Amino acid sequence: MEPHLHLRDASILRSCRVDSMASIGPTRSFISSSRAPSLKRSSDQASDNGLQRDPKKGLSRILRKDAAIRAIERKANSKKYNNLWPKAVLEALDEAIQDNLWETSLKIFGLLRQQRWYEPRCETYTKLLMMLGKCRQPEQASLLFQILLSEGLKPSIDVYTALVSAYGRSGLLHKAISIVDEMKSVSDYKPNIHTYSILIDCCTKLRRFDLLKGILTDMSYLGIACNTVTYNTIINGFGKAKMFEQMESLLLEMIESGSCHPDLITFNSLIKAYGNSEQIEKMEKWYNEFQLMGIRPDVWTFNTMISSYGKAGMYDKMVSVLNFMENRFFSPTVVTMNTIIDVFGRAGNIEKMEEYFKNMKHQGMKPNSVTYCSLVNAYGKSGNIEKVESILRQIENSDVVPDTPLFNCLINVYGQAGDVKRMGELFLKMKENKCVPDNITFGTMIRALNAQGMTEAAQRLENKLLATRDDK
């Protein structure tokens, strides 16, 4: 049986309109910009080290890649193309897989199988299965595995492991475990440490810690010892679940094992676990402990501590970490500055927020969508709509591509200000920019319409949203 190869309509807003917004007058600078928006949305235009990619080169590469994928995808809809240039088909497939375009990838894979020169390879199936796992498509993964078998291929360990990942990431842990059990019964393809690491990672993300004991027992029976990755995965899971006693107990077991030594990932997991829970003393204690172990922090560590101090309202310590970074030649990143800007913005300290925003630009860091979200939220909260307008002009004159979270922030600000017309303009512009509105978008608009007494319009919008969900 072939996998489903038809693209679904990506937008959930095919027919959603607010009737009361139909008559929209002249728009302002950001809304009426005639510049064609990029179809490639990104809220992370800056790399973590603060260096910027050339946006023109990046856009050119994206457009070439998208055009190549579309050209091959069009041919996939016809059965007459069975002797295409191998490089074009294989490159298009790789690009689609990298971008997690699962429907497009399966279409291109179907075209690949029609080629005269096609030879089934486990490596191709492994890549596709891993992608389907990331996209939460377990049914498609199961169908793809059946095709592999129908082509006479013997699944490799990597194929089985990718199938475990596809089921596990989709929450089907019972199926993932059954695949591991199947592997144990096949002499040539027994699960390895990588297989179990993926299974353990899926269990921790789903908070199924009750399954870990059985999995670890199986590993011991097969003579597979936990490695640093295994320990780090479980420690990180315990930390996110705020199971601090179990987390520290496992860390001590890791140290006492003698074969697996804590590393920077272990360090950062504990710092994040305690920092996110605002257990600042514990965070600082383990920071010092890891220093004594000879494990040095990195920029990610400092960014986490800055965020933690900010959440706890310890602004002096937050700034002291930034100063420490600069004194020790750790260059602050866009993430660092965004965190500080957001902290001061949420605290209502507009002056400090603007100071660090200026510092960010003076240091050669380009603000991104996350930066502008923080600024818009802060100005909106303080009721300074003129400043929001200034931010819109800055976005228009920058390389930033507005994404769904940024549009949501803007819609929320104008909705709370009672400017329903402006909110509607932004909603329409959002769709023009190929940004798919989400539940936050609709919830914000419905609240704003109700607050303005436009209950009928709010109800119509809510009804259309519910009808769209039912169609899925």
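1. A residue is called buried under 20% relative accessible area, exposed over 50% and partly exposed in between, using a 1.4 Å probe on protein chains only. C435, with a relative accessible area of 1%, is buried, and C202 also counts as buried, at 5%.

2. A word on the basis of these notes: this is a predicted model, where local features need pLDDT of at least 70, side-chain atom pairs count only at pLDDT 80 or more, and totals for chains, interfaces and linings use all residues. Residues are numbered from 1 along each chain as its sequence is written, and side-chain values use heavy atoms, leaving out hydrogens and water.

3. Taking a disulfide as a pair of cysteine sulfur atoms within 2.5 Å, the count is zero. For C202, the nearest cysteine sulfur belongs to C203 and lies 7.0 Å away.

4. Now a helix pair, with helices taken as DSSP runs (H or I, at least four residues) numbered from the N terminus. The axes of α17 (residues 350–362) and α18 (residues 369–381) come within 11 Å and cross at roughly 160°; axes are lines fitted to C-alpha atoms over the stretch in contact, with angles from 0 to 180 degrees between N-to-C directions. That makes α17 roughly antiparallel to α18 (angles over 145 degrees count as such).

5. Which residues of α17 and α18 meet? With contact meaning heavy atoms within 4.5 Å, I350, M353, E354, F357 and M360 in α17 meet T371, Y372, S374, L375, A378 and Y379 in α18.

6. Lastly, Q459 sits in helix α23 (residues 455–471) and is partly exposed, at 40% relative accessible area. Its C-alpha atom is 9.2 Å from that of L449, 10 residues apart along the chain.

Methods. Helices (H or I, at least four residues) and strands (E, at least two) are DSSP runs, numbered from the N terminus. Angles under 35 degrees count as roughly parallel, over 145 as roughly antiparallel, 65 to 115 as roughly perpendicular and the rest as oblique.
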